[in-house]
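Trainee: Could you walk me through how to read a few features of a structure that is new to me?

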Amino acid sequence: MKECIKSILCQSLDNFNLLVLDNASTDGTVEWIRSLNDKRIKIYLSEKSLTIEENWARIITIPKNEFITLIGHDDALDKNYLSVMDALIIKHPKASLFQAHYRYIDSSGNFIRRCKIMDEVQYAHEFIAHQFLRSIDSTGTGYMMRSEDYDNTGGMPNYPKLIFADYALWITLMQKSYKATAPEECFSYRIHDSISKLTNGEEYQESFEQYIFFLKAIMDENIQIKEVIKRYGETFLLDFCESLSHRILKTARNQRSISVNTFVEKCKSYAKLLIPDQKFDPESKFSIKIAQQIDSTAIGSYLFYVLKGRFHNKAGV
């Protein structure tokens, strides 16, 4: 957190405010921030501990400048981030969302890789196509938007643990116009045991379902988005049917009420919503079928957890 805040305060363009939504912290965070004695910082305290959804919902309730960007507490901005964004806004005054390139770092701040190259101008249907094909990197940090647009959309959508919520927000904002992306690499996104990595299979599935309903609603209003979903929807659904089936399988039975088989059947219903005229057969994919079989019996689940435990022990995890 200290590294994050210091990276913000040392921006070459210094005409900004740092708004901190403190979630009833007890680790000295507020005291340390106050000790910086920087008039650009405004702290908004919570009287009680909030969920991540509740805390992020506060963004639309506080005074903001004309433009805002959101940053996770452990990411870091390069010194030129705001100046690059300022130049991008001047170049693309009609854009409704702004972004820059970035790098991934590990928990110690070591370089992992650069993000995938993004087009300077990208529309909502193009963004969705890239997401479906996993040919774009997208995080919650680095995007900039007009505060008025953010508030008018209702802010960050209320998805469980905010999984897929950022995708829904970016797409909603892009539908107003388009996303402009600067070629410069301007911030670091830290890879670690985040909310999304630690969220169990059931909660992740609930967020995924909410995102499916969001896609259904917008495809009925936007012919370009409808064509993208028609073209790449099967790939997208199979991809997440596989990954979430395994996430559910890895979630202890006493921590979920959904089975792998039930989720696979849900995916079939999602296909009927998004690609009703296409055949969708997730069981034809071996990794999905084997997850169903393992999860269908108590002994299968037991052996899976035993083998999983042995693998982790050998790996030193």
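**Reading helices and their packing**

Mentor: Helix α9 (residues 201-219) has 19 residues and reaches 27 Å from its first C-alpha to its last, close to the 27 Å expected at 1.5 Å a residue, where the expected span is 1.5 Å times one less than the number of residues. Helices here are DSSP runs of H or I with at least four residues, and strands are runs of E with at least two, numbered from the N terminus. This is a predicted model, in which local features need pLDDT of at least 70 and side-chain atom pairs count only at pLDDT 80 or more, while totals for chains, interfaces and linings use all residues. Residues are numbered from 1 along each chain as its sequence is written, and side-chain values use heavy atoms, with hydrogens and water left out.

Trainee: Which residues of α9 are buried?

Mentor: Buried means under 20% relative accessible area, with a 1.4 Å probe and protein chains only; the buried residues of α9 include Y204, F208, Y211 and L215.

Trainee: How are two packed helices described?

Mentor: They are described by the angle between their axes and the distance between the axes. Here the axes of α10 (residues 223-250) and α12 (residues 286-295) come within 9 Å and cross at roughly 25°, the axes being lines fitted to C-alpha atoms over the stretch in contact, with angles from 0 to 180 degrees between N-to-C directions. That makes α10 roughly parallel to α12, a term for angles under 35 degrees.

Trainee: Which residues of α10 and α12 meet?

Mentor: With contact meaning heavy atoms within 4.5 Å, L238, C241, E242, S245, H246 and L249 in α10 meet S287, I288, A291, I294 and D295 in α12.

Definitions and conventions:
Parallel < 35°, antiparallel > 145°, perpendicular 65-115°, else oblique. Buried < 20%, exposed > 50% of the residue type's maximum accessible area, 1.4 Å probe, protein only.
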